Amino acid sequence: MKIVILIKKKAGMSREDFINHYETSHAVLGKRLLGHLWVKYVRNYPAGLMKYQPEETSIDDSYDVVTEIWLKDAAALEEMNRIINLPENNKIILEDEEKFQERTKTRLLIVDEVDNGTTL
């Protein structure tokens, strides 16, 4: 199973401060609470947009991080949800998220990853 999370930084926050908070606080918190359920945990910080973008956009219009979390199975996802929703954990997680992200713009996607083995 794979989860993709799209996150925007708080308005006015620098990219460097956003990355620093995510890596030194939020990722550490996530690994402490949920890391035993994860097979792999990756944060992708966009460095720019491809030139083929058909519309007028800038890096400021996009998400500031694309997080990927791989889980062993559906039971691990259920356990992750249970742990996140324990009142004491939920409070800590939400308080930390408020410090560095625009929570209303965050998107959590459970995805079906397809790898067709394409090589160049």
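1. In this predicted model, the contact between two helices involves F18, H21, Y22, S25, H26, L29 and L33 on the α1 side, and N89, I92, I93, D96, E97, K99 and F100 on the α3 side. By residue class, the contact of α1 with α3 is made up of seven nonpolar, four polar and three charged residues.

2. As to the geometry of this pair, helix α1 spans residues 15-34 and helix α3 spans residues 87-100, and their axes come within 10 Å of each other while crossing at roughly 170°. Because angles over 145 degrees count as roughly antiparallel, α1 is described as roughly antiparallel to α3.

3. The largest nonpolar core has 22 residues, of which Y22, L37, W38 and L71 touch the most other members. Two or more residues of this core are given by each of β1 (2-7), α1, β2 (38-44), β3 (65-71), α2 (74-84) and α3, and the largest share, six residues, is that of α1.

4. Once neighbours within four places in sequence are set aside, the contacts of Y22 are with I7, A27, Y41, R43, Y45, V65, T67 and F100.

5. Elsewhere in helix α3 lies K91, whose relative accessible area of 51% makes this residue exposed, given that the term applies over 50%.

Technical notes: Residues are numbered from 1 along each chain as its sequence is written. This is a predicted model: local features need pLDDT of at least 70, side-chain atom pairs count only at pLDDT 80 or more; totals for chains, interfaces and linings use all residues. Side-chain values use heavy atoms; hydrogens and water are left out. Axes are lines fitted to C-alpha atoms, for helices over the stretch in contact, and angles run from 0 to 180 degrees between N-to-C directions. Helices (H or I, at least four residues) and strands (E, at least two) are DSSP runs, numbered from the N terminus. Angles under 35 degrees count as roughly parallel, over 145 as roughly antiparallel, 65 to 115 as roughly perpendicular and the rest as oblique. Contact means heavy atoms within 4.5 Å. Ala, Val, Leu, Ile, Met, Phe, Trp, Tyr, Cys and Pro count as nonpolar, Asp, Glu, Lys and Arg as charged, and the others, Gly among them, as polar. A nonpolar core is a set of buried Ala, Val, Leu, Ile, Met, Phe, Trp, Tyr and Cys residues joined through side-chain atoms within 4.5 Å. Buried means under 20% relative accessible area, exposed over 50%, partly exposed in between (1.4 Å probe, protein chains only).
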